[in-house]
Amino acid sequence: MWYSGFKWMFLIIGTMIGAGYASGRELWEFFGSESGLAIILFAIFFIFSCTVILKISYKKSSSHYLPVLESLMGKKLTGLYDVMIILYLFSTTVIMLAGGGATLEVIQLPYWLGTVIIGGLLVLLFVWDTKGMTSMNSFIIPILITFLLGILLFFQYSNGFPIKVELTQQENWPAALTFTSLNVLPLIAVLAAIGHEIKYEGEIWIASIGSGIVLGSISFLYNESLLQVANDIMLYEIPLFAILKHYPYFMVLVMSGLLWLAIYTTAAAGVFGLVTRFRNYVNLPLWGLALILLALMIPLTTIGFSTLISILYPLYGVLNLYVFASILLYPIVNRYQLE
């Protein structure tokens, strides 16, 4: 039970920590100053959302997101949000591919070559069907978390840990709602695909609480670190590099590699949600479906990484509020079904 619980926990974190999050760009768009309470609320909402989605997936023994979506939204709205999830996963995976191209520019690789490389490795991952996805996250995410926390803690230590939380200055608390709702659709798409693999309810609690605590802690520390380099963030496509600007070039290369891995895991989660949705309609292996989807996505990456995030993420955050509200209300309206 514990092994499976942690496996799902790393899947959740891998879905969250992608180009937008690990680079700092997504956190900076939603949080910033006066956001301590917002991040605490986000962690609570996130744990609650993961628990509800996983419990529905477990009860339905689902292998893709439609049964879970129907439970949450009802039959009338399921069609609309099915299309919305497809568009969301497609566009955010384009963002991940763009982030992969932007990250590899630090080692002088052309942007287009970086996107092709990450696309090719995504196709390769699905040669092993769904096991490739969960195995990859269980290996990569602990390494990523360790290095990211290490960098942020060392940065704070170097500056004397100047973190201050003023309880009377927390006006940005509504950001918790939009930031959580932004991440609801990929959670539904990915977690619904593993419902048939969950054997015990204990796995759900381990995955939900563990991922919420880890992501909440990293988000708080990361946001506080970004506030200390706020004047430099506009100079960087990837805000993390503003934190690393006084570090040796070797550390920049190491974090660029880890950032690229974070991008890869979330791109994989997006493709995973799409291929599991369509696998019953197309007589192709998962890697074949992934190849077709990525061939359609790569030309769209020319729009640019930060531009895509600044336009699409806030928009999706607002549009997803209805889904998020449905998740919050689900245990009240359907309390007997989750028991």
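**A helical protein, question by question**

Me: In this predicted model, what percentage of the 339 residues in the protein is buried?
Reply: Buried here means under 20% relative accessible area. Of the 339 residues in the protein, the share that counts as buried is 58%.

Me: How many helices and how many strands are there in the protein?
Reply: The secondary structure of this model holds zero strands. The number of helices is 15.

Me: What is the radius of gyration of the protein, and why does it agree with a compact globule?
Reply: Along the principal axes, the C-alpha atoms fill a box of roughly 50 × 50 × 35 Å. A compact globule with 339 residues would have a radius of gyration near 20 Å. The value for the protein agrees with that, at 19 Å.

Me: What share of the contacts with a separation of 6 or more comes from residues 24 or more positions apart?
Reply: A contact means heavy atoms within 4.5 Å. Among contacts in the protein with a separation of 6 or more, residues 24 or more positions apart account for 84%.

Me: Why is helix α9 described as largely enclosed by the rest of the structure?
Reply: Helix α9 covers residues 184–191. Its buried residues include V184, P186 and I188, and the buried residues of α9 pack against α1, α4, α5, α8, α12 and α15.

Me: Which residues touch the most other members of the largest nonpolar core?
Reply: This core has 112 residues. The element that gives the most to this core is α12, with 16 residues. Leaving aside neighbours within four places in sequence, L72 is in contact with V52, I56, I188, S326, I327 and Y330. The residues that touch the most other members are L72 and I188.

Me: Does L124 count as buried, partly exposed or exposed, and why?
Reply: L124 lies in helix α6 and is one of the residues of the nonpolar patch. Buried means under 20% relative accessible area and exposed means over 50%. Because its relative accessibility is 45%, L124 counts as partly exposed.

Methods. Residues are numbered from 1 along each chain as its sequence is written. This is a predicted model: local features need pLDDT of at least 70, side-chain atom pairs count only at pLDDT 80 or more; totals for chains, interfaces and linings use all residues. Side-chain values use heavy atoms; hydrogens and water are left out. Patches are made of residues with over 30% relative accessible area and no salt bridge: like charges are joined within 9 Å, nonpolar side chains (Val, Leu, Ile, Met, Phe, Trp, Tyr) within 5 Å. Accessible areas come from the Shrake-Rupley method with a 1.4 Å probe; for residues, only the protein chains shown count as cover. A salt bridge is a side-chain nitrogen of Lys or Arg within 4 Å of a carboxyl oxygen of Asp or Glu. Helices (H or I, at least four residues) and strands (E, at least two) are DSSP runs, numbered from the N terminus. Buried means under 20% relative accessible area, exposed over 50%, partly exposed in between (1.4 Å probe, protein chains only). A nonpolar core is a set of buried Ala, Val, Leu, Ile, Met, Phe, Trp, Tyr and Cys residues joined through side-chain atoms within 4.5 Å. The radius of gyration is taken over C-alpha atoms; the globule rule is 2.2 Å times the number of residues to the power 0.38.
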